[in-house]
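Me: I've got a model open and I'd like to learn how to read it feature by feature. Can you walk me through it?

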Amino acid sequence: MALFGETVVEAELEELFEALGRELGYAMHSAVNARQVCHIALSGGSTPEPFYMRLVTDPLFRGLPWDSVHVWMVDERRVSETDPRNNFKMIRECLVDHVPIKRRSIHPMPVLTADPAAAYEQEMRDHIVIRENDAFNFRGPRFDFLLLGIGQDAHTASLFPGSSALDVADRWITVNEGPRVTPPPRLTMTYPLINAARQVAVLATGADKSQVIAQVRNAGKPDPRKLPITGVRPNNGAMIWFLDEAAAGVTPQESPGSP
Ligand code: 6PG
C-alpha cells in the first residue's frame with residue numbers, strides 16, 4: 001500500500017530539506033501571488049529543527065516572501081515560552097528570529113491563558129479571511145501550508161492515539177490532555193482545520209520512524225484512533241510525505257565487492 005498523497009524519498013537529509021524547502025517556497029509564492037498573503041503553520045519536535053535552520057542559512061531560500069507570510073503553530077505544549085519543551089521557543093530560535101518577517105505576523109499559541117483554544121481561534125479570525133468552503137462543508141481558515149511530523153505511535157500534531165482531541169469536529173483548535181496524551185498537556189489543531197489546508201507536508205527522518213511509516217503504509221483503510229496520522233486527508237488540498245531513505249525503510253544497496 002502507498003501512503004496517502006505523494007511521497008518524496010531522498011537518500012540524504014540535504015536533498016530532502018532542499019525538496020521540502022522548494023515546495024514550501026512554491027506554496028508561499030503561489031499564495032502571495034493569489035491572495036497577497038501566505039499563512040503557514042509549523043510543528044515542533046526535533047525532526048524539523050535542521051530544516052528550519054537550512055531555510056535561514058541556504059542562499060537558495062533567500063528570496064522567500066517572508067514579509068507577506070504569517071507563521072502559526074500546529075500544536076504546542078502548555079508550558080511557558082522559556083521552557084525547552086516549548087515548540088515555539090525552538091521555531092523562534094531556529095527560524096523566525098532570523099528571517100525578515102513582521103512581528104505581528106508571528107502567532108505563538110497562547111497556551112497559558114485560561115481558554116487558549118478560543119483565544120487562538122479568535123486570533124485566526126482576526127488575521128485570516130474566513131470563508132465558507134461548501135465543497136467540504138467547512139467554515140474556517142484554510143492554511144496555505146502545514147508542516148506536520150509523526151511520532152513513533154503515529155501521532156501527528158498533538159493528536160495522540162485514543163485521545164479526546166481525535167473526536168473534536170466542531171472546533172479548529174482544542175486542548176488535548178489526559179492519560180492518552182504524552183505530558184505535558186497540549187493545544188492542537190483539530191482534523192477539520194488540518195484537512196482544510198491547501199497543502200500538508202509530513203516530514204519524517206531516521207530509522208526510528210521506519211516502523212511507524214511501514215505500519216501506516218500497510219494499514220489499508222484509515223484508522224485515526226489507532227494511527228492518528230491516517231486521519232490527515234486534505235479535503236481539497238495536496239498531501240506530500242517527505243522521507244529520508246532510513247524512515248522510508250529503503251535498505252541501502254550492498255556496494256559491489258562488499259564482503
Ligand atoms: C510536537 C509535535 C509532534 C511531532 C512528533 C514528531 O509537539 O512534538 O508537533 O507532533 O511532530 O512528535 O517529533 P520528533 O520530530 O521529535 O520525532
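Predicted model: local features only at pLDDT ≥ 70, side-chain atom pairs only at ≥ 80, totals over all residues.

Me: What is the peptide bond from P183 to P184 like, cis or trans?

Reply: Read the omega angle for that one. Going from P183 to P184, omega is near 0°, and the bond is cis.

Me: Which residue has a positive phi although it is not a glycine?

Reply: That's N137, with a phi of about 55°. Look for N137 in the loop between β6 (131-133) and β7 (138-140).

Me: Let's zoom out. How many helices and strands does the protein have?

Reply: Count 7 helices and 12 strands.

Me: And how do I judge the overall fold size from the radius of gyration?

Reply: Compare the value with what a compact globule of that chain length would give. For 259 residues that is near 18 Å, and the protein has 18 Å, so the two agree. For the extents, the C-alpha trace spans about 65 × 45 × 40 Å along its principal axes.

Me: Now the ligand. Where does the ligand sit?

Reply: In the largest pocket. There are 15 residues around the ligand, and the ones that come nearest are T47, D75, R77, A157 and K209.

Me: What classes of residue make up the shell around the ligand?

Reply: Sort the shell by class and you get 2 nonpolar, 9 polar and 4 charged residues.

Me: Which side chains have an N or O atom at 2.7 Å from an oxygen atom of the ligand?

Reply: H155 is one, with a side-chain N or O atom 2.7 Å from a ligand oxygen. K209 also has a side-chain N or O atom 2.7 Å from an oxygen of the ligand. For T47, the distance from a side-chain N or O atom to a ligand oxygen is 2.5 Å.

Me: And how much of the ligand does the protein bury?

Reply: Start from the ligand taken alone, which exposes 410 Å²; the protein buries 88% of that.

How values were computed: Residues numbered from 1 in each chain as written. Heavy atoms only, no water. Near = heavy atom within 4 Å. Polar contact = N/O pair within 3.5 Å; in protein donor to acceptor, adjacent residues only side chain to side chain. Areas by Shrake-Rupley, 256 points an atom, 1.4 Å probe, with all protein chains shown as cover. 1 Å grid on protein atoms, 1.4 Å probe; cavity = no way out; pocket = protein on both sides within 12 Å on 5 of 7 lines; lining within 4 Å. Sits in = over half its atoms within 2 Å of the grid points. Nonpolar A, V, L, I, M, F, W, Y, C, P; charged D, E, K, R; others polar. Helix = DSSP H or I, 4+ residues; strand = E, 2+ residues; numbered from the N terminus. Rg over C-alpha atoms; globule rule 2.2 N^0.38 Å.
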